[in-house]
Amino acid sequence: MKVLVNAGPWLAVPPPGYGGIENVVATLVPALRERGVQVVLASVGSSTLEVDELISVFDDGRFTELQKPYNQVMGIAHAHQARVVAELRARDDIDLVHDHVEVVGPAVLSALGGPPVLHTLHWDLHKHPAFYGAFPTGIAVNGVSESQLARAPDALRAASFGAVHLASPLADRDLRVERGEHLVVMGRICALKGQHVAARVCQKLGLPLVLAGPVSGRNSAAELDVVVQNPYHPLHSHPDVRYHLDQVSRYLDGELVRWVGAVGGADRDQLYASARAALFPIQWDEPGGTAVVEALALGVPPVGLRRGCLPEIIDHGRTGFLADSEEELAEWVLRVDELDPEECRREARRRFSPSVMAERYLELYERATTR
Ligand code: UDP
């Protein structure tokens with residue numbers, strides 16, 4: 001079977017640091033290839049993932065351009081999509097398209113009349129009812145959690161092939177490093193991820209907290225400073241930049257609560273694996289929760305608010321804690337040492353390994369190609 005996996009033009013696969021969809025693709029593709037699937041990856045030229053073929057328009061990821069005016073963003077998305085469409089028109093050896101690019105992908109691919117398409121929904125489907133309500137019906141779709149699909153418009157939920165949970169290669173690696181004292185929040189710095197709540201809780205409890213993640217594509221304090229110091233910078237008023245400035249930076253005392261910018265590769269693994277617990281004080285219905293799965297895989301108990309996909313991933317009292325309020329979150333944080341890291345690792349190996357995810361996708365590929 002030959003599958004064209006469309007990962008989009010925003011970041012390389014695997015991503016150098018932060019990256020949601022690109023991480024999912026980097027986790028799935030090797031496990032598919034181990035099972036004999038040939039993969040043509042549509043991404044950017046700097047992608048280093050081992051595949052059978054790479055197609056691209058752009059040499060490097062255009063992530064920071066997502067902040068540009070709408071028509072420019074769409075221009076990038078369309079240029080990438082046009083390359084995918086040209087490829088599909090020019091050849092007849094692709095059995096299925098596994099699409100991860102929401103903006104123009106599904107509509108264009110559905111109209112193309114080429115190979116069957118499976119589109120994986122990555123976002124919170126409640127947010128743009130008009131967009132998701134009009135989702136093309138000619139293609140198969142799947143979600144990344146039951147809770148995500150439960151919030152989808154009726155027609156989309158009814159047409160979907162169900163949910164495939166996200167996975168992490170860390171589930172197979174058994175990475176063991178010395179446990180530190182710090183708690184960690186791993187993710188984009190933005191109001192949805194709720195870093196300010198984690199900071200408030202840890203400051204109150206006197207526990208060290210490390211916040212890791214980019215602010216609107218800025219990977220370090222120095223990069224962010226360029227934006228903050230220049231009132232004419234296009235990102236100056238970006239909600240994530242304002243969030244960092246107005247709600248997070250007040251807790252950054254350099255000792256107890258620290259922001260280390262975006263971390264990638266071995267540095268990310270070391271920082272994450274040595275944490276006492278991973279906090280998820282989410283302020284939205286997190287659709288997939290890669291970072292939660294990664295915490296389990298590393299034997300770092302996740303502690304979060306009971307929202308979105310978290311109750312599907314965390315078994316309260318066994319593999320992590322779920323709280324219904326900030327006060328309760330603080331109480332559970334104090335009890336993290338009661339959780340067994342081995343139980344977290346076992347759960348990740350059993351439910352969130354790349355093999356488990358690939359097997360599930362192979363079932364859906366079969367369904368999409370035979371329907
Ligand atoms: N991540 C990273 N470095 C960072 C912050 C995040 O590598 O500094 C990774 C994180 O480990 C996870 C992904 O980025 O693999 C974020 O995925 P998640 O689903 O948690 O968040 P979202 O896709 O909503 O941004």
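Is Asp-174 buried, partly exposed or exposed, and at what relative accessibility? Asp-174 counts as partly exposed, at 39% relative accessibility. Buried means under 20% relative accessible area, exposed over 50%, and partly exposed in between (1.4 Å probe, protein chains only).

**Basis of the views.** This is a predicted model: local features need pLDDT of at least 70, side-chain atom pairs count only at pLDDT 80 or more, and totals for chains, interfaces and linings use all residues. Residues are numbered from 1 along each chain as its sequence is written, and side-chain values use heavy atoms, with hydrogens and water left out.

**View A. The ligand lies between two domains.** Domain 1 (2–165 + 354–370) and domain 2 (169–350) both give residues to the shell around the ligand, so the ligand lies between them. The domain bounds come from an automatic or database domain assignment. The ligand is surrounded by 18 residues. The closest are Tyr-18, Arg-188, Lys-193, Val-263 and Glu-294. A residue is near a molecule or strand if one of its heavy atoms lies within 4 Å of it. By class, the shell holds 6 nonpolar, 7 polar and 5 charged residues. Here Ala, Val, Leu, Ile, Met, Phe, Trp, Tyr, Cys and Pro count as nonpolar, Asp, Glu, Lys and Arg as charged, and the others, Gly among them, as polar. Helix 11 (residues 290–297) gives the largest share of the shell, 3 residues. Helices (H or I, at least four residues) and strands (E, at least two) are DSSP runs, numbered from the N terminus.

View B. Arg-268 places a polar side-chain atom 2.9 Å from an oxygen atom of the ligand. Thr-290 has a backbone N or O atom 3.2 Å from a ligand oxygen atom. For Ala-291, a polar backbone atom is 3.2 Å from an oxygen atom of the ligand. Taken alone, the ligand exposes 550 Å², and the protein buries 94% of that. Accessible areas come from the Shrake-Rupley method with a 1.4 Å probe; for residues, only the protein chains shown count as cover.

**View C. Strands 7 and 8 run parallel.** Strand 7 (residues 183–186) and strand 8 are joined by 4 bridges. Two strands pair if DSSP finds at least two bridges between them. Val-185 stands opposite Leu-211 in strand 8. From strand 8 (residues 209–212), Leu-209 and Leu-211 point one way, Val-210 and Ala-212 the other, and all are buried.

View D. Most residues other than glycine have a negative phi, and most peptide bonds are trans. Val-13 and Pro-14 are joined by a cis peptide bond, with omega about -5°. Pro-14 sits in the loop between strand 1 (2–6) and helix 1 (21–34). Asp-174 is not a glycine, yet has a positive phi of about 50°. Its place is in the loop between helix 6 and strand 7. Ser-216, also not a glycine, has a positive phi of about 50°. Ser-216 is in the loop between strand 8 and helix 8 (221–229), and counts as buried at 7% relative accessibility.

**View E. Cys-344 in helix 14.** Helix 14 spans residues 341–351. Cys-344 is buried, at 0% relative accessibility. Thr-319 is 25 residues away in sequence, and 5.0 Å away in space, C-alpha to C-alpha.

Notes:
Polar contact = N/O pair within 3.5 Å; in protein donor to acceptor, adjacent residues only side chain to side chain.
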